[in-house]
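Let's take a walk through this protein together.

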Amino acid sequence: MKLSQFKFKLPEELVALYPPHKAFQNEDGTVERVYSRDGGRLMVLHRKSEKIELFKKDADGQDTEEYMTFRDIVNYFDEGDTFLFNDTKVFPARLYGTKEKTDAKIEVFLLRELNEELRLWDVLVEPARKIRIGNKLFFDGDGPMVAEVIDNTTSRGRTLRFLYDCPHDEFKRELYGLGEAPLPRYIVNHRRAEPEDMENFQTIFAKNEGAVTAPSTGLHFSRQLMKMMEIRGFGFAYLTVHCSLGSFDPIEVEDLTKHKMNSEQMIITDECCKIVNDAKLAGHRICAVGISTARASETSVGTDGLLKPYDGWTNKFIFPPYDFGMANSMVTNFYHPESTMMMATAAFGGYDLVCQAYDLAVKHKYMFGCYGDALLLLDD
C-alpha cells in the first residue's frame, strides 16, 4: 500500500492533550482535572459482519444516544477469553539542561543506558545544532549532575557521559528525579509535562523499566476495570516491549514496503506463552492490547498459531495486507494520519472498514493520540 492512502484531515482540537477527565474551574480561575482511565469512549468494529458500534444498547438491543465508554469492553468477551498486555515501564526520559558558557537551554531525551559503570547514555538533544563533542551540559542549576558529549550518533543523537560519582542506584534516582514524563512531541508542543503525567502516562501493571513512551492502549485499564474483568473470568498474560520513539518517526517513502521500523527490545516468557496458548487451544479469544503487543506477538508466533518464548528485538512493521497469526481481537487507540499505528490497525480490521471507523471518529469528535479514545476490533 501507499503512504498517501493513510492521509486524512485530523482537526487539532481532537488531539488529546490530557487523559480522559472531567475539568472543574476553581474560584481563582485555575482548572482542576479528575482523571478516569476507563472513562474515555470506545468504538467497536466487527470485521466480518462489517458493523461499527458507537452507542450503548437499551433493553431491546437498540442504540441509545449514549456513547460507549471503555469500561463497556467487558460486554464483548466471555469467561476464558484472554487479554495480552505489554508490562513495560516508562521512565522520566525528558530532561532540560543548560550548555556550558552560553547557558543555552537544551532538551535531553534519554533513550537507553549504554554502560552502567561509565554512566554512558544514548540520548537525543534539541536543538542539536548547538551540541558538539566535548560540550558539557549542566542540570538542576548549580547541582552536581553534569554530562559531557562524547559522540555523535545521528543528526539529533548523542552519547553522553554523566559525571556523577556515586553508587549506580543513587545516580539513577538523582537522574530520574530531574526528568519528567516523556509525553509525545505533539503534546509538549502545546503544554509542558505536569507531575501527574508520570502516573497518567504509566499503565497500572507497568513492571519492567525501559520504555520511553507508553504502551498507550494499556492506559485505559483501571484497577476497577481489571478487577471486573477478573471476576468475569478473563485471563491476563503479560509480555514486555520497551516502546521506543520509532512509532512516531515520520514515514518518508510512499511505498510502505520500503519503510524500516526502528528495533524495540521485547521479552516473551514461558509463562506468558502458556496462558495465551492454553486459552487459544481451548477456543477462547486472544485480545492484543495495543499495537506494541500485536507487533510482539506477531514476531514470535509460530506457524501453528501458538506463541513462542522470545528474548531479543523486533522491527516488525505491520500494514495491509497482513494475516495475523496470533490474536483474533485487538484494542487500540485512534492515531494520527500516516502513522504506523493506524496502518497496523487497518491491517487487522481491514483498510476500508478502519478508514470508515476513523471517519466516524472525526465526525463524532473522538479524541486521538496516546491520551485519546479507543477502538476495539473483533473477528466476528
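What follows goes from a sheet to the helices packed on it, and then to a barrel and a hairpin.

A quick word on the ground rules: this is a predicted model, so local features need pLDDT of at least 70 and side-chain atom pairs count only at pLDDT 80 or more, while totals for chains, interfaces and linings use all residues. Residues are numbered from 1 along each chain as its sequence is written, and side-chain values use heavy atoms, with hydrogens and water left out.

Let's begin with the open sheet. It is built from 9 strands in the order S4-S3-S21-S20-S18-S7-S16-S17-S19, with mixed pairing. Strands here are DSSP runs of E with at least two residues, helices are runs of H or I with at least four, and both are numbered from the N terminus. Two strands pair if DSSP finds at least two bridges between them. At the edges you'll find S4 (51-53) and S19 (310-314), each pairing on one side only. On average, neighbouring strands of this sheet are turned by 20° against each other, direction ignored. (Axes are lines fitted to C-alpha atoms, for helices over the stretch in contact, and angles run from 0 to 180 degrees between N-to-C directions.) Out at S19, the partner is S17 (residues 264-268): the two pair in the antiparallel sense over 5 bridges, and Gln265 stands opposite Trp313.

Now for the helices on this sheet. H4 (residues 223-231) touches strands S7 (82-86) and S16 (235-241), and its direction makes about 130° with that of S16. Contact, by the way, means heavy atoms within 4.5 Å. H7 (residues 340-349) packs on the sheet too, touching S3 (42-46), S20 (329-333) and S21 (374-378), at about 150° to the direction of S20.

Just after H4, Gly233 takes a positive phi of about 85°.

H5 (residues 270-281) can be read in a similar way. In H5, the residues Cys272, Cys273, Val276, Asn277 and Ala279 are buried. They cover an arc of only 160° around the axis, which puts them on the same side of H5. Their cover includes S7, S16, S17 and S18 (286-289). Asp270, Glu271, Lys274 and Leu281 are exposed on the face turned away from the buried side.

Beyond its neighbours within four places in sequence, the contacts of Thr332 include Thr217, Ile291, Thr345 and Asp373.

Next comes a closed barrel of 6 strands, S9-S10-S11-S14-S13-S12, with antiparallel pairing. Its neighbouring strands are turned by 45° against each other on average, direction ignored. S10 (residues 105-115) and S11 (residues 120-126) pair over 7 bridges, with Glu107 partnered by Glu126.

Finally, find the hairpin of S5 and S6. It has 5 residues between the strands, and Gly61 takes a positive phi near 80°. Phe55 has Tyr67 in S6 as its bridge partner.

Methods: Buried < 20%, exposed > 50% of the residue type's maximum accessible area, 1.4 Å probe, protein only. Arc of directions from axis to C-beta.
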